[in-house]
Amino acid sequence: VAKMSAPTMEERKACWGARDEFWQCLDSHADDASKCEKLRRSFESRCPQQWVKYFDKRRDFLQYKKKLETEGYHPPEAAGKS
């Protein structure tokens, strides 16, 4: 059984740094992940898998929140109105 140990401070800093570089790459390439593959691999190799999942969801949420703040809320058209 593999023991899940908490990352050290150095490991956390390496993970966060890799995440920030990857996110900056996505920001500067309009979220085109194909232009940031090397940084994505670095991010995945430096962070625990659960953190990668969390940060991916977090980025999606932050992008959604930013869109709401700039464009406002537009409810989806109700499908199949009777």
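1. Phe61 is partly exposed because its relative accessible area is 43%, where buried means under 20%, exposed over 50% and partly exposed in between, with a 1.4 Å probe and protein chains only. Phe61 sits in helix 3 (residues 49–71); helices are DSSP runs of H or I with at least four residues, numbered from the N terminus.

2. A word on the basis: this is a predicted model, in which local features need pLDDT of at least 70 and side-chain atom pairs count only at pLDDT 80 or more, while totals for chains, interfaces and linings use all residues. Residues are numbered from 1 along each chain as its sequence is written, and side-chain values use heavy atoms, leaving out hydrogens and water.

3. How many aromatic pairs does the structure hold? There are 5 aromatic pairs, counted when ring centres of Phe, Tyr or Trp (its six-membered ring) lie within 6.5 Å; planes under 30 degrees apart are stacked, over 60 edge-to-face and the rest tilted. Phe22 and Phe43 are stacked, because their ring centres are 5.7 Å apart and their planes at 15 degrees. Phe22 lies in helix 1 (residues 9–28) and Phe43 in helix 2 (residues 37–46), so this pair ties together parts 21 residues apart in sequence.

4. Phe22 is buried at 5% relative accessibility, and Phe43 is buried at 0%. Both belong to one aromatic cluster, along with Trp23, Trp51, Tyr54 and Phe55.

5. Please look at Arg19 too: it lies over the face of Trp23, 5.4 Å from the ring centre, and over the face of Phe55, at 4.5 Å. Such a contact needs NZ of Lys or CZ of Arg within 6 Å of the ring centre and within 35 degrees of the ring normal.

Terms used. Helix = DSSP H or I, 4+ residues; strand = E, 2+ residues; numbered from the N terminus.
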